[in-house]
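Me: I have a model open and want to know what stands behind the words used for it. Please set each value against its definition.

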Amino acid sequence: MASLDQNPFLLPLLFIIIISSLHVLLASTTPSHKLKSAITIRKLNRRGPYIGLVTVFETEENAFLGSVDFRPDPMHPFLDLSGRRFRIGKIHGKKVVYVRCGIGMVNAAAATQQMIDVFNVKGIVHFGIAGNINNSMSIGDVSIPKQITNAGLWEWLNPDKAKGSEDVAYLDVGNYNVPQGKNKLGTIGYSYEELYSVNGRINSPQKVFWINTTQEWLHLAADLEKMELLQCVNATLCLPNKPKLVVGLKAATADIFVDNAAYRNFLYDSFGVSSSDMESSAVAMTCASNGYPIIVIRGLSDLAGVGDNTVRKFGSLAATNTAKSVLDQQPHVECNLRKRESRGKKKLDTSVCSYQPSRGLDLDDIYAAVDLNLKPTNQMAALYHNIYLFPLLFIIIISSFHVLPVSPTPSHKLKSATTIRKLNLRGPYIGLVTVIETEENAFLRSVEFRPDPTHPFLDLSGRRFRIGKVHGKKVVYVRCGRGMVNGAAATQQMIDVFNVKGIVHFGIAGNMNNSMSIGDVSIPKQITNAGLWDWLNPDKAKGGEDLAYLDVGNYNVPKGDGNNELGSIGYSYEQLYSVTGRINTPQNVFWINTTQEWLHLAADLEKMELSQCVNASLCLPKKPKLVVGLKAATADIFVDNAAYRNFLYDTFGVSSSDMESSAVAMTCASNGYPVIVIRGLSDLAGVGGDNTVHKFGSLAATNTAKAVLEFIKKLPPS
């Protein structure tokens with residue numbers, strides 16, 4: 001297997017040599033803009049620390065900012081980074097940095113990572129609306145979950161695939177046929193996240209299904225459950241149940257807008273989750289990776305898969321109850337908190353309320369080190385007003401009593417800042433991002449990687465960033481880990497922290513295209529997040545919001561009338577925030593383009609003559625090839641289902657499928673950095689079996705080394 005891995009992973013070496021020797025790396029932003037940002041950040045962070053606030057989309061933002069006493073910083077009211085506006089100010093005297101991340105896992109992970117990297121924050125409050133999964137909860141209720149899962153990290157298996165112990169739970173699509181039977185879409189296995197963390201061993205991710213929010217913050221939030229909320233809008237219009245705030249439930253996140261009742265019930269029955277959204281687990285996992293406190297506050301806007309649910313009728317009631325909770329409950333919470341902190345003492349110890357945590361990371365040092373290379377209706381608004389005043393109450397509580405824990409020790413952070421300064425003075429570097437340990441081992445063993453003699457690596461957020469040279473070219477390399485959140489967060493951190501001039505992302509991928517073979521390599525021109533879905537009820541009309549639809553009933557066996565309770569899947573657009581676009585005005589995109597200039601350079605790689613035989617008696621049926629300019633699909637889905645593989649190819653024309661590339665590419669596009677993706681094809685997705693992969697691994701390694709050496713000879717003198 002190691003020799004097989006060498007084939008796809010030596011190709012990035014060849015490409016590094018080309019782009020670095022020819023000096024065609026694009027500048028991300030102008031040095032003057034970067035210098036201005038660095039100076040502003042330095043000034044702002046000296047006034048910190050701040051509480052970080054992360055919400056999702058514009059309607060929520062307008063309701064939140066219109067509902068709270070937000071006072072912008074008089075000198076620096078905002079800072080624009082990566083197409084987003086980070087607002088700096090105070091809410092009721094408490095220092096905050098606020099950002100709207102945008103819809104989906106990639107946006108949430110990248111924006112949260114950037115807030116942690118750039119600003120002197122001491123914790124994150126994430127809030128927004130969510131779909132209700134729990135029949136015991138109602139519109140206007142608010143959930144503050146103790147655990148959140150990425151319920152969209154799947155293995156999509158063939159119908160006859162044996163269910164092992166690798167996954168947490170399984171959804172058998174055929175069980176939802178009408179009448180019940182088999183379905184060619186097989187089974188969905190729910191898999192684990194790989195959590196890299198400052199609290200764990202470096203480069204040794206922990207497999208986790210649930211991400212925990214911060215226990216101390218949940219204890220504080222528990223007092224909010226005692227609030228008495230109003231039940232009636234007026235004498236004739238009342239809710240059937242009093243609205244409530246519940247602390248300690250479970251929540252599900254995925255790049256899926258759940259509007260299907262059968263799937264809603266599956267989530268509740270299988271995992272016991274009470275709400276579903278598209279960002280929370282990404283924010284929580286990024287905070288956990290960096291060692292920062294996190295709390296999630298989600299207001300329930302609907303019963304997923306049912307529809308409006310009188311939401312327009314009771315929006316004003318939700319706003320009234322929230323305002324009442326903010327005004328009436330703070331003294332009660334203050335008393336309870338002081339009693340808790342002074343438990344066992346003869347009298348209340350008010351000194352616990354004046355504790356000031358240490359400053360934490362000296363972010364001034366980091367940005368000095370980076371230097372020039374820094375990089376709806378009124379009724380609905382009333383409902384949002386309800387949801388977004390709850391974070392205000394929580395901000396007041398946690399900030400007033402200074403119980404925010406410090407994330408890592410200041411001495412460790414200061415040491416990192418000093419190292420970063422020295423390293424970045426030696427840059428710029430080419431950023432290399434790969435995925436899993438098997439790939440990393442094959443790559444580092446197969447190329448002439450020369451570690452920096454003084455600072456060979458830097459450990460950040462549980463990952464080891466390796467600094468050195470490959471054939472004389474300066475590189476920073478990291479293994480991001482599996483999945484969209486890891487891909488986005490690690491790429492964003494590399495861009496934030498290191499003086500890089502572009503990103504080369506590489507790894508293995510499943511083959512979607514019957515004209516491609518094992519050992520072939522694809523360098524795509526476009527990549528889509530094919531896992532950003534609207535999951536609809538069977539009777540839901542298909543409108544113009546989505547690009548394409550997969551009707552689950554079309555895969556029933558026997559076909560019958562083609563009905564399946566899982567309905568249909570609509571393929572939706574990413575929201576791309578970008579330095580090249582209008583601030584806080586995301587563009588709806590289905591395809592993320594890799595960098596055109598880099599693709600032009602890579603085109604020469606197609607001319608390489610690769611060997612066909614391992615020895616005189618063992619040859620591939622076809623010569624391995626490298627192809628530039630195809631399309632690729634990414635999702636938090638390991639595709640091992642032939643019917644779904646064919647759907648992806650027939651619908652979108654993609655030739656490969658993986659779990660990270662679009663996250664890396666979209667993060668680079670957001671920041672304005674060049675990116676190229678190089679993926680070696682390891683299997684024909686959904687076919688399984690050996691596919692002669694063990695026989696021809698050594699040949700793949702030999703051909704890759706040959707390609708690298710031959711192309712180096714053709715390069716002009718530096």
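What follows takes the terms one by one.

Reply: This is a predicted model, in which local features need pLDDT of at least 70, side-chain atom pairs count only at pLDDT 80 or more, and totals for chains, interfaces and linings use all residues. Residues are numbered from 1 along each chain as its sequence is written, and side-chain values use heavy atoms, with hydrogens and water left out.

Me: Why does Cys480 count as buried?

Reply: Buried means under 20% relative accessible area, with exposed over 50% and partly exposed in between (1.4 Å probe, protein chains only). Cys480 has 0% relative accessibility, so it counts as buried. Cys668 is also at 0% relative accessibility and is therefore buried.

Me: How many disulfides does the structure hold?

Reply: A disulfide is a pair of cysteine sulfur atoms within 2.5 Å. The structure holds zero.

Me: Why are S10 and S44 called edge strands?

Reply: Two strands pair if DSSP finds at least two bridges between them. The open sheet has four strands in the order S10-S13-S9-S44, with mixed pairing. Strand S10 (169–172) and strand S44 (637–640) each have a single partner strand, so one side of each is left without a neighbour in the sheet.

Me: How do you know that S9 and S44 pair?

Reply: Four bridges join strand S9 (residues 154–157) to S44, and the two run parallel. Leu157 stands opposite Asp640 in S44.

Me: Which helix packs on this sheet, and which strands does the helix touch?

Reply: Contact means heavy atoms within 4.5 Å. Helix H6 (residues 261–271) packs on the sheet, touching S9, S10 and strand S13 (187–190). Axes are lines fitted to C-alpha atoms, for helices over the stretch in contact, and angles run from 0 to 180 degrees between N-to-C directions. The direction of H6 makes about 155 degrees with that of S10.

Me: How are S32 and S36 joined?

Reply: Four bridges join strand S32 (residues 533–536) to strand S36 (residues 568–571), and these run antiparallel. The bridge partner of Trp535 in S36 is Ile569.
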